[in-house]
Amino acid sequence: MSDLSNFPITKKWPAQDPSVLQLYSFPTPNGVKVSIALEEMGIPYEAHKVTLSDADVKSPEFLSLNPNNKIPAIIDPNGPDGAPIGLFESGAILIYLAEKSGRFIGTTASEKAKTVQWVMFQMGGLGPMLGQLGFFYKFAGSEWEDKRPQERYIAEAKRLLSVLEGQMDGKDWITGEYSIADMAIAPWLRALDFYGTKELLGWDDHKNLVAYLDRFTARPAVQTGLVTPPRD
């Protein structure tokens, strides 16, 4: 059996089966990327609920694995160098898992580069911008008298949706084949419903994206990954 005792996080979230990958997460857009990937790839794992409260994400145990205090994070007891490895940052984890499994990242160097390109589009653009949109439209920022920040992120969200709508023209998936790029992007599109911004952004006019998100959420592995670990 694998020994994970060198990872302090296991003191707060003990591994029931240390021989399988340990996932520390919560069902947010970033969190479900990894649980969906694990389900799609068929990699055995154990999910630990790490809430967004300071008591969890700012605990010494969690910070020992991710000093950036954000979910998700993983420990793979079967690391590439024959020893356990801990990782944080959802995009990096997706790439790691795709390379580990040999799936959902393309089979040629060109396909891999294009897949990673769209993962980076989500990591550097879609996720941060939609997250800021949520803050300024639904959460604390919505109360600010100065509406220029809100207007900025509404405009940027519309621009990013337009980029994706064009990319999806004539395709079922972002790069043509289902990949980790879809696992990264689609959960953030789902967040628009939570933020209450679909009508504001003209979501129904993005016919390609509407059909795309329906295809994505219909996948059995996605349905399981979206609620892993459960909120309750």
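Reader: What volume does the second largest pocket have?
Author: The second largest pocket has a volume of about 170 Å³. This is a predicted model, and the value is computed from its atoms.

Reader: Which residues line the second largest pocket?
Author: The lining consists of Phe104, Ile105, Gly106, Thr107, Glu111, Lys114, Thr115, Thr175, Glu177, Tyr178 and Ser179. A residue counts as lining if it has an atom within 4 Å of a grid point of the pocket.

Reader: What makes up that lining by class?
Author: It divides into 3 nonpolar, 5 polar and 3 charged residues. Gly106 is one of the lining residues, and Gly counts as polar by definition.

Reader: Where is Asn69, and what is its phi?
Author: Asn69 lies in the loop between α4 and β3. Its phi is positive too, about 45 degrees, and Asn69 is not a glycine.

Reader: How do you know that the bond between Ile71 and Pro72 is cis?
Author: Look at omega: it is about 0 degrees, and the peptide bond is cis. Pro72 is in the loop between α4 (60-65) and β3. A cis bond also runs from Thr228 to Pro229, with omega near -10 degrees. Pro229 is placed in the segment after α10 (220-225).

Reader: What volume does the largest pocket have, and which residues lie nearest its centre?
Author: Its volume is about 1,000 Å³. The lining has 35 residues, and Thr28, Pro29, Asn30, Leu52 and Trp188 lie nearest the centre. The elements giving two or more residues to this lining are α2 (29-41), α3 (54-57), α6 (109-137) and α8 (180-195).

Reader: Which element gives the largest share of that lining?
Author: It is α6, with 7 residues. By class, the lining of the largest pocket divides into 18 nonpolar, 10 polar and 7 charged residues.

Reader: Why are β2 and β4 called edge strands?
Author: The open sheet has 4 strands in the order β2-β1-β3-β4, with mixed pairing. Each of β2 (45-49) and β4 (85-88) pairs on one side only, and these are the edge strands. Neighbouring strands of the sheet are turned by 15 degrees against each other on average, direction ignored.

Reader: What makes β1 and β2 a pair?
Author: Two strands pair if there are at least two bridges between them. Strand β1 (residues 21-25) and β2 have 5 bridges, in the parallel sense. Leu21, for one, has Tyr45 in β2 as its bridge partner.

Reader: How does α2 run relative to β1?
Author: α2 lies across β1, β2 and β3 (73-76) and runs at about 155 degrees to β1.

Reader: Why are α7 and α9 called roughly perpendicular?
Author: Helix α7 (residues 148-167) and helix α9 (residues 207-217) pack at an angle of about 75 degrees. The roughly perpendicular range is 65 to 115 degrees. The two helices are therefore roughly perpendicular to each other. Their axes are 8 Å apart.

Reader: Which residues meet where α7 packs on α9?
Author: Leu161, Leu164 and Glu165 in α7 meet Lys207, Asn208 and Leu209 in α9. The contact has 3 nonpolar, 1 polar and 2 charged residues.

Note on methods. Residues numbered from 1 in each chain as written. Predicted model: local features only at pLDDT ≥ 70, side-chain atom pairs only at ≥ 80, totals over all residues. Heavy atoms only, no water. 1 Å grid on protein atoms, 1.4 Å probe; cavity = no way out; pocket = protein on both sides within 12 Å on 5 of 7 lines; lining within 4 Å. Points joined across faces, edges and corners; volume = space filled by probe spheres on them. Axes fitted to C-alpha atoms, helices over the stretch in contact; angles between N-to-C directions. Contact = heavy atoms within 4.5 Å. Parallel < 35°, antiparallel > 145°, perpendicular 65-115°, else oblique.
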